[in-house]
Amino acid sequence: MEVVDLARLQFASTTLYHFIFVPLTIGLSLMIAIMQTQYVRTGDEGYKRMTKFWGKLFLINFAMGVVTGIVQEFQFGMGWSEYSRFVGDIFGAPLAIEALMAFFIESTFIGLWIFGWDKLPKRIHLLTIWLVAFATALSALWILIANSWMQNPVGYEVVNGRAQMNDFIAVITNPNIFRQFPHLIFGSFTTAGFFVAAISAYRLLRTQGKDNVLFLRSLKYGLVFGLASVMVTMLSGHFSGQFLVEKQPMKLAAAEALWESEDPAGLSFFQIGNEEDRTSIINIRIPSLLSFLTYDEFNGLIPGINDLNAVYQEEYADVYGPDADYVPPMIWMIYWSFRAMVGFGMLMALISLVGLFLWSRKQLPNAKWFLTLLPFTIVLPYIANSTGWVMTEVGRQPWIVQGLMRTEDAISPNLTPTDLWISLIGFTVVYGALAVADFYLLWKFGSSGDMSDELLPTPSDQPDDLQLENAY
């Protein structure tokens, strides 16, 4: 493998690993805030025990997300110094704001929430978890502002070979954000919904005790939350697709493996292609549906990969030469990632509907076949999230910044394959160990932890001034 391929593989592996934790943190923080709101509103101790049980799992997941996220920051400097040099003035701003504003709020109020049980007034304590939920979403927003600039550069000028920001408002109101952010946020809510539903179903099957009522209540929360979120996620994904045809038509063509332009264009249902010849061997398509999904009417031109490549070759001939290739690598990966994301999203919607139907018929607690199925569905949102991310980022190639900088020009010039193999293996080993620890802890507390008040710190019998004295 060449240096650029190894650098991409290294960044992709660490980012995908980090992305395992992010959606659950965002979604679960909101679910916990809702549960605690119910507790404060009704005074029902059952909601308090639910809040603490899911809060414990949230904290485990949050801690792992922070650890893995820190590595991302260093990778920009270590592996992608030319990229950092080119976009540092723009890309650094949202990352810095994310760290100083969102992460600061998140970390501060998580601490107050953990140690504030029965010390802070109920409503003030409730406010802390809502601020945590708000900050996790805010953190995602600033990260997506940075990423959106890579997908759709705005508010900049190139001076002496570097992109400099000349319109901060344009950067933070990038039209791409209004498609990406809802898609990610509601995808995160979907993840949390299925996480809660899957574990609740497992507990209902494996244990028979006083907590069954509370796990049944959690299961209903998860199903409602999951269905509502996955429906909005699919809707926002539809609008993202419509945006692609205007700003990143090559990515849309790659997601459909559409080699030649069509008007009207059919939606590919199943395809086996020949990437070397850039043709289709088998292609089962639904006529006009791609045009309809893109333009809301059954006619409309969708540019194909080969035609777009010719357009880019002419447009960038002065910079990269007339024969440069602008076709993303591994079209098959983009094509099937897109279908996996959509397919698993539809499957989650169907499962949620079945669960809510059983609930409406008062059959949910006794539907053992459904409760047996649900624990396996915990992986569905993770697969959908990861494949969606793969389609988004691989489909952008060969650009690291759309239309401005190719990925091969962005890596650190002094990197060698040996450097990258060593760091790649090192990250894989360390992250593998962290993954084992994380999954063990989630499994331990999710499958056997009870809903007692001991799951989070409880007030000490010691006077507060004595604790402060010990602290100093």
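**A close look at phenylalanine 427**

Mentor: Leaving out residues up to four places away in sequence, phenylalanine 427 touches Gln10, Thr14, Val71, Gln75 and Gly432, where contact means heavy atoms within 4.5 Å. This is a predicted model, in which local features need pLDDT of at least 70 and side-chain atom pairs count only at pLDDT 80 or more, while totals for chains, interfaces and linings use all residues. Residues are numbered from 1 along each chain as its sequence is written, and side-chain values use heavy atoms, with hydrogens and water left out.

Phenylalanine 427 belongs to helix H15, and here helices (H or I, at least four residues) and strands (E, at least two) are DSSP runs numbered from the N terminus. Its relative accessible area is 18%, so phenylalanine 427 counts as buried; the classes are buried under 20%, exposed over 50% and partly exposed in between, computed with a 1.4 Å probe and protein chains only.

Elsewhere in helix H15 we find alanine 435. With a relative accessible area of 10%, alanine 435 is likewise assigned to the buried class, and its C-alpha atom lies 9.8 Å from that of isoleucine 20, a residue 415 places away in sequence. Proline 417 also belongs to helix H15, which covers residues 417–448. Proline 417 counts as partly exposed because its relative accessibility is 36%, and beyond its neighbours within four places in sequence it is in contact with Val3 and Leu6.

Now for the setting of the whole chain. The protein has 16 helices and 6 strands. Among contacts between residues at least 6 apart in sequence, 78% join residues at least 24 apart. Of its 472 residues, 50% count as buried. A compact globule with 472 residues would have a radius of gyration near 23 Å, and the protein has 24 Å, which agrees; that radius is taken over C-alpha atoms, and the globule rule is 2.2 Å times the number of residues to the power 0.38. Taken along the principal axes, the C-alpha atoms fill a box of roughly 75 × 60 × 40 Å.

Helix H2, which covers residues 45–79, holds methionine 50. Methionine 50 has a relative accessible area of 0% and therefore counts as buried, and its C-alpha atom is 7.0 Å from that of methionine 35, which stands 15 residues away along the chain.

Most residues other than glycine have a negative phi, and most peptide bonds are trans. Aspartate 118, however, has a positive phi near 65°; its place is in the loop between helix H3 (81–115) and helix H4 (122–151), and at 48% relative accessibility it counts as partly exposed. Serine 288 has a positive phi of about 70° and is found in the loop between strand E4 (279–286) and helix H9 (289–295); at 18% relative accessibility, serine 288 counts as buried. The peptide bond from aspartate 263 to proline 264 is cis, with omega near 0°, and proline 264 sits in the loop between helix H8 (249–256) and strand E3 (267–274). Another cis peptide bond joins glutamine 397 and proline 398, with omega about 10°, and proline 398 is found in the loop between helix H14 (380–394) and strand E5 (399–401).

Finally, consider the confidence of the prediction. The mean pLDDT (the predictor's confidence in each residue, from 0 to 100) is 87, and 94% of the residues reach 70 or more. Over residues 459–472, however, the pLDDT is below 50, and this stretch has 6 contacts in the model beyond near neighbours in sequence. Where pLDDT is low, the predicted coordinates should not be read in detail.
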